[in-house]
Amino acid sequence: MASDVVSSTYRPIDALRSMLPEDLDPDATVEWAIPYQPNCKRAMEDRASYACVANRSKCQDSLIGGYFCVCKWGGNPYVHGECRKYQPPPPPPPPPAPPAVYGSIQPRKDCPMSCGNVSIPFPFGTEVGCFANEHLFLACSPPLPGTVIQVLELTSRLVVTDISIEDGILRVHEESEASDILSGSDSLYALSGKWGVVKWVVNKMTCKQAKLNVNNDICFSSHSDCVDVTNDGTLQHLGYRCKCSSGFEGNPYIKDGCTDINECLQPDKYTCNGICHNKLGSYTCTSTVILGVTIGLSSGGGIIFIAAIVVILTRRWNRVIQKRLRKRYFRKNKGILLEQLISSDKSVSDGTKIFSLEELEKATNSFDQARVVGRGGHGTVYKGILTDQRVVAIKKSTLSVISEIDEFINEVSILSQINHRNVVKLHGCCLESEVPLLVYEFISNGTLYDLLHRTSEQNGSSLSLPLSWEERLRISIEIAGALTYLHSAASVLILHRDIKSMNVLLNDSYTAKVSDFGASRLIPIDQTHLVTAVQGTFGYLDPEYYYTGQLNEKSDVYSFGVILVELLTRRKPIIQNEHGEKQNLSNYFLWAMRERPLEETVDAQIQGDGRDEGVLSMARLAEECLSLTREERPTMKDVEMRLQLLTGRRVAPRARQDEEAQHAEDDEHGGVVPVVVQHGSRQLSQEQEFVSSQRAPR
């Protein structure tokens, strides 16, 4: 009986089987459609019977008549909510590491030396046996779509565009992820990604540890030195790298890779007023004066006269050479361009002077080391006294490259147009030395950073210097006034681009002076912003400028908001939170304003005595300045007006307040009067100096 049982299971394909030819290919496809309407246009007119009901579904006409529905990203278009949303594809995996790493000091002889148009010096490499450590392995990948050049990858998304052995950096390009609006073949957008600089090390040890462990020391070449490397943001030690010693050049990671520099073949870089003799790692100059005297003594009395003539001519020749050298430096430092600027602008020529090198040598006693008041990464600052008895600060930079010369001309051009009592005054510059010199007013009481964050030793303990609410409000109003002038009152819009407490100097009366215009930019009146390489200081940097590269006046507003928070909390721009992690002060302040009472956030010295309302108003203003969206930030003019409203009178300078309050504070503070010691920015770093403006009311 079992063989006579007929299955009652019904399949829709059985209804069509009689309509299909018997010799139908088993891999053939059958098209079907909804036949109630002839096409999509007619079907969408009758919404009651329209079958494409899912969101993101799409109707398509069928070749056999009627229509059918599809989901763009998959799913069932005939059921509500069944069409799936777009899911971007997962990022490609990082390039696979080689099965083994090369641990020797020297690379193979047949290692690839380039990938595409990027050179690959050792200790980096793309094959086993060609790199010193596993983290120095780079992947040479096939060309990107639409290109024919291979790319050198640090990770799956970081493309290396240049490797510098001398500077210890990689220049990289971060590829952006494609989205549905950018990835189509007919898209009118092109992804550019992000550019950046990455520091690298060869080992996590310090130089001291590497020298003790000879087997791990990778500075293999003779005449090479070990350099400790730190993280610029956190100042934590990363490891060490190698560089060729002074007077040598090449690759310190290869045996005998550092070779002697023949300074005599580079007279533009290595000056020699005599006969040049190259030595290993250096060079010497034999004075023609000594040569003439030697010839005279050896040739007898008759030749002594000739030697004397030679000495006189040599001295004159040296003076001529020095004069020509100064003229060459003047042209190299774009002195002609600056002279044209001064002669064409009467307001500039009244306040700015081009000093001769002889004048500044006399003012500093030939740049005597006893006159040094500050040293930094970019040079040295000297205290000088001009012939008219003015005390000035003279900035002497280290050897610079062409881009820094352009920044110098940019700074002088900007400072020459500034005329405000709260901006450091530029007296002039000197262009007759190998690197240009700036001459500006001498500021004796250091920086706002020193006043807020430096401590004084009293009775064996470290104490912060007292700073009243009125003084903090006055300083904030003075800084805001200077920025308002730069943004709206000057002849052109000037963006400072590096506003921070270390760039606010304090004079004898503790009046605030905005300084350091090396990174500043001018914006024409017909433009709202500039697109520039990101430059500034972490902790003060506008997040929107950091991510987009677009600079406008609201970037300075954000940096000023950080200074307001420093004045309110007396904390540094980079702090350590409760978990021991580094954190921006601005992020912490915004969180604290939401989650904590105001008295737990601001400095205890400015609380009470009826100041709470003013402190709260300044805190709310700082919140607005620190908004992540530029449109929500006020202008500097609005900021200055709102700060002025917090005081019913003009705040007296600190020096006068100290005299008035000294007797009243003797009982409470043991007679201690706030004094800032003289080791401010003029004696700290070159990054904090500079700038200009004439002392005149706005």
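Let's start at tyrosine 546, which is partly exposed at 42% relative accessibility (buried is under 20% relative accessible area, exposed over 50%, partly exposed in between, with a 1.4 Å probe and protein chains only). Tyrosine 547 has 60% relative accessibility, so it counts as exposed. This is a predicted model, where local features need pLDDT of at least 70 and side-chain atom pairs count only at pLDDT 80 or more, while totals for chains, interfaces and linings use all residues. Residues are numbered from 1 along each chain as its sequence is written, and side-chain values use heavy atoms, leaving out hydrogens and water.

Now for the rings. The whole structure holds 11 aromatic pairs (rings of Phe, Tyr and Trp, the last by its six-membered ring, with centres within 6.5 Å; planes under 30 degrees apart are stacked, over 60 edge-to-face, the rest tilted). Tyrosine 546 and tyrosine 547 make one that is edge-to-face, at 5.2 Å centre to centre with 85° between the planes. Elsewhere, ring pairs tie Phe124, Trp200 and Tyr253 into a cluster.

Last stop, isoleucine 312 in helix 5, residues 301-332. Its relative accessible area is 43%, so isoleucine 312 is partly exposed.

Methods:
Helix = DSSP H or I, 4+ residues; strand = E, 2+ residues; numbered from the N terminus.
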